[in-house]
Amino acid sequence: QVQLVESGGGLVQPGGSLRLSCAASGFTLDFYSIGWFRQAPGKEREGVSCISSSDGSTYYADSAKGRFFISRANTKNTVYLQMNSLKPEDTGVYYCEAERGRHLQAQAMCAISRRYMDYWGKGTLVNVSS
């Protein structure tokens with residue numbers, strides 16, 4: 001069965017850290033550009049961080065720079081998002097999405113609509129609150 005499964009979300013205090021995981025089954029993540037997207041209540045979907053399979057580039061939204069880090073673990077067919085120094089405005093559902101075929105750089109990957117993605121998961125909730 002082809003699927004992406006996110007995990008690692010939860011309730012964390014401001015200043016805390018979480019590591020989100022995006023695990024793939026039924027296909028090889030290494031061949032796909034991967035993006036982490038956030039859907040906050042009342043806000044549009046936002047590309048938080050992406051990594052390209054074409055050129056290896058990474059991209060971070062301004063809100064994530066210096067605090068979030070995206071990485072691949074190819075042997076585990078998993079992509080991670082390490083989130084440090086979390087803020088209340090980081091709260092939302094985080095989705096992992098995968099795309100192959102358009103040879104996108106990471107910044108472009110983070111800007112495209114979900115309708116161009118090949119796969120996405122059901123999301124994991126991150127709640128940053130004291």
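## Strands β1 and β3

In this predicted model, strand β1 (residues 3-7) and strand β3 (residues 18-25) run antiparallel and are joined by five bridges.

The side chains of β1 alternate along the strand.

Strand β4 covers residues 33-39, and six of its seven residues are buried. The strand is therefore largely enclosed by the rest of the structure.

Strand β4 pairs with strand β9 (residues 92-99) in the antiparallel sense, over seven bridges. Within this pairing, G35 stands opposite E97 in β9. Strand β4 is also joined to strand β5 (residues 46-51) by five bridges, and these two strands run antiparallel. I34 has I51 of β5 as its bridge partner. Strands β4 and β5 form a hairpin, with six residues between them. In the turn of this hairpin, G42 has a positive phi of about 75 degrees.

## Order of the elements

The protein has one helix and 11 strands. Read from the N terminus, the order of these elements is β-β-β-β-β-β-β-β-β-α-β-β. The radius of gyration of the protein is 13 Å, close to the 14 Å that the globule rule gives for 130 residues, so the protein is as compact as a globular protein of that length.

## Dimensions and contacts

The C-alpha trace spans about 40 × 25 × 25 Å along the principal axes of the protein. Of the 130 residues, 45% count as buried.

Contacts can also be described by how far apart the two residues lie in the sequence. Among contacts between residues at least 6 apart in sequence, 60% join residues at least 24 apart.

## Surface and charge

The accessible surface of the protein comes to about 6,600 Å². Carbon and sulfur atoms account for 47% of this surface.

The protein carries 14 positive and 11 negative charges. The mean position of the positive charges and that of the negative charges are 3 Å apart.

How values were computed
Residues are numbered from 1 along each chain as its sequence is written. This is a predicted model: local features need pLDDT of at least 70, side-chain atom pairs count only at pLDDT 80 or more; totals for chains, interfaces and linings use all residues. Side-chain values use heavy atoms; hydrogens and water are left out. Helices (H or I, at least four residues) and strands (E, at least two) are DSSP runs, numbered from the N terminus. The radius of gyration is taken over C-alpha atoms; the globule rule is 2.2 Å times the number of residues to the power 0.38. Buried means under 20% relative accessible area, exposed over 50%, partly exposed in between (1.4 Å probe, protein chains only). Contact means heavy atoms within 4.5 Å. Accessible areas come from the Shrake-Rupley method with a 1.4 Å probe; for residues, only the protein chains shown count as cover. Lys and Arg count as positive and Asp and Glu as negative; His and the chain ends are not counted. The place of a charge is taken as NZ of Lys, CZ of Arg, CG of Asp or CD of Glu. Two strands pair if DSSP finds at least two bridges between them.
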